Amino acid sequence: MNTLSYKTVSANSATVNKEWVLIDAADQPLGRMASIAAKFLRGKYKTNYTPHVDCGDNVIIINAAGVQLSGNKWNDKSYIRHTGYPGGQRSLTAKELYDKDPARVVENAVKGMLPKNKLGAAIYRNLKVYAGAEHEQGAQQPRTINLNEVK
């Protein structure tokens, strides 16, 4: 067989095969769980991965309230934002953000692992995070991922 006849397959929005994936975050380290979720969102595990196309899956994360942080990160880790006005820098510790909304801690971790451009914003819209065990995407029949078996 002539090796020069191989064609590079580049995915586009019409040829992408998007699936639904369910991840249980209970008793999982935040960073490891977020990096696996980002890998599925981006589609880097697929054979037809194309860097400039949203070819990843839709990811549902449940039990975000059960996520773990090691060491003293609950008090030391800070989330900084700016209101846009002079002197408008605001910060929250991980514990304060968790008390407000546990899902936002997971959302921020996953968002930080995605590209910082329009594609990253489009990929981020494929993420659904729920603090409890119930989710609204039952009709999509998501495939459950065991985080202890994923590399």
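Gln28 in this predicted model has contacts beyond its neighbours within four places in sequence, and these are with Met33, Gly66, Val67, Gln68, Leu147 and Asn148. The residue sits in the loop between strand S1 (20–24) and helix H1, and it counts as buried because its relative accessibility is 15%, where buried means under 20%. One of its contacts, Gln68, also belongs to the lining of the largest pocket.

**The largest pocket**

- The volume of the largest pocket comes to about 200 Å³.
- Its lining is made up of Pro29, Leu30, Gly31, Gln68, Leu69, Ser70, Lys73, Lys77, Tyr79, Val105, Asn108 and Ala109.
- When these lining residues are sorted by class, six are nonpolar, four are polar and two are charged.
- Helix H1 (30–42) and helix H4 (102–111) each supply at least two residues of this lining, and H4 gives the most, with three residues.

- Strand S3, which covers residues 78–82, pairs with strand S4, which covers residues 89–93, in the antiparallel sense, and the pairing runs over five bridges.
- Within this pairing, His82 is found opposite Gln89 of S4.
- The two strands, S3 and S4, form a hairpin in which six residues lie between them, and Gly84 in the turn has a positive phi of about 100°.
- Tyr79, which falls within the residue range of S3, is also among the residues that line the largest pocket.

Technical notes
Residues numbered from 1 in each chain as written. Predicted model: local features only at pLDDT ≥ 70, side-chain atom pairs only at ≥ 80, totals over all residues. Heavy atoms only, no water. 1 Å grid on protein atoms, 1.4 Å probe; cavity = no way out; pocket = protein on both sides within 12 Å on 5 of 7 lines; lining within 4 Å. Points joined across faces, edges and corners; volume = space filled by probe spheres on them. Helix = DSSP H or I, 4+ residues; strand = E, 2+ residues; numbered from the N terminus. Nonpolar A, V, L, I, M, F, W, Y, C, P; charged D, E, K, R; others polar. Pairing = 2+ DSSP bridges. Buried < 20%, exposed > 50% of the residue type's maximum accessible area, 1.4 Å probe, protein only. Contact = heavy atoms within 4.5 Å.
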